[in-house]
Amino acid sequence: MASGSEYFNRCGPKYLSNIDWNNAHHRRSVSASLVEGVYMLEEDRQARRGGSQCVAPPWWEFFNFKVVNALVDDNDKSIFGAIFEYKPSAYSYHRSMDRSPRYVIAFRGTLIKLESFARDLKLDIDIIRNGLHHTGRFRTAIKAVLDLVSVVGSSKVWLTGHSLGAARAMLAGKNMAKRGNFLEAFLFNPPYVSPPIERIKNKKVRHGLRFAGTLIKAGIAFAAAASDNHNNSNGIQDSSFAAISGWIPCLFVNHLDPICSEYIGYFKHKKKLEDIGAGGLARLTSQHSLGNMAMSAVGIKGIDTSEPLHLLPSANLTVNLYPCQDMISAHELHQWWRPDLNLSCSVYKYK
């Protein structure tokens, strides 16, 4: 078996010998590496159960982090998250340390391994059904976040996750934002529950589909409000959506990834509506999911339409434009610590 340093030199961001916490690339790379650490912890657990001696090297130690707690699924006993504590050496202090976390809570995505895949896949379906908040893993996750923030405060706790784990981190971040705690969050390839319109090459077709969807969502929302005897737009607008607007998580999406690429169109379309003076329409429709509305309308049971997980009022959106071989590589985590990425960054704030 390769040593930890050999494994790190082959797979990890070895160029980060010193972390500058003011550097966006460094913060992104370290956050992605800690999520990779959670994957490694679960793979190691399964290897040990199978009698293998192949232990995952703790490459988070290269960044002066240590695991203080693993988050374990009550059903299949798999490790789906971990709490990392940052323990810099006495010689590594510099001014950027003021922006460093004290703890990072990281969540992995779906793992294609026999012991955990069935459970992970069920949770992927829960995302589509907008039911992730009802799961045992989320209850464990939010308790860990609440307990940690109550002790050290929100300014020193970061959230990070990939794919399914990004959805869980997003849900935890939204819940904390409703409590007035805005945690720094790094969400890699977060699922957007919608047909990937962004993958359509014709720009006019993309715009037409999104505008049509906006009109349909507005009509359904107004009709639902009328049936509930709400006669003004303030009754239609979900106050909780506005309440979390000050939370600006960092989203990292690949333009070729059908799982997350629609975040690009979601925020661009909202801004376009605002630019033409239709901000009210943008605010109303950006908090409703046409997919959830449609599934509920046709009678699919268990669809929660009350606050779609994947919709956000604000975000710092980073898009990877680097060429990928296929959709699978566009969804992989390790792309986010490459030093040669072609990135497009935009900040979208709720208005």
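**Notes on a helix pair and some salt bridges**

1. Helix 3 (residues 114–128) and helix 5 (residues 164–178) have axes that come within 10 Å and cross at roughly 50°. That angle makes helix 3 oblique to helix 5; angles under 35 degrees would be roughly parallel, over 145 roughly antiparallel, 65 to 115 roughly perpendicular, and the rest are oblique. The axes are lines fitted to C-alpha atoms over the stretch in contact, with angles from 0 to 180 degrees between N-to-C directions. Helices here are DSSP runs of H or I with at least four residues, and strands are runs of E with at least two, numbered from the N terminus.

2. Keep in mind that this is a predicted model, where local features need pLDDT of at least 70 and side-chain atom pairs count only at pLDDT 80 or more, while totals for chains, interfaces and linings use all residues. Residues are numbered from 1 along each chain as its sequence is written, and side-chain values use heavy atoms, with hydrogens and water left out.

3. Back to the helix pair: helix 3 passes helix 5 in a left-handed crossing (the near helix is turned anticlockwise from the far one by less than a right angle). Helix 3 brings Asp120, Leu123, Asp124 and Ile127 to the contact, and helix 5 brings Leu164, Ala167 and Arg168 (contact is heavy atoms within 4.5 Å). Sorted by type, the residues of this contact are four nonpolar, no polar and three charged.

4. What does Asp120 pair with in a salt bridge? The partner is Arg108, with the closest N and O atoms 2.8 Å apart; the rule asks for a side-chain nitrogen of Lys or Arg within 4 Å of a carboxyl oxygen of Asp or Glu. Asp120 sits in helix 3 and Arg108 in the loop between strand 3 (103–107) and helix 3, so the pair ties together parts 12 residues apart in sequence. Both Asp120 and Arg108 are buried (under 20% relative accessible area; exposed is over 50%, partly exposed in between, with a 1.4 Å probe and protein chains only). Shared partners link Asp73, Asp76, Arg108, Arg119, Asp120 and Arg137 into one network of salt bridges.

5. Within helix 2 (residues 24–49), Arg45 and Glu42 lie three residues apart, about one turn of the helix. Their side chains meet in a salt bridge at 2.8 Å, N to O, and both Arg45 and Glu42 are buried.

6. Lys87 and Glu85 also form a salt bridge, with closest N and O atoms 4.0 Å apart. Lys87 is partly exposed at 45% relative accessible area, whereas Glu85 is buried at 11%. The count by this rule comes to 14 salt bridges.

Key:
Nonpolar A, V, L, I, M, F, W, Y, C, P; charged D, E, K, R; others polar.
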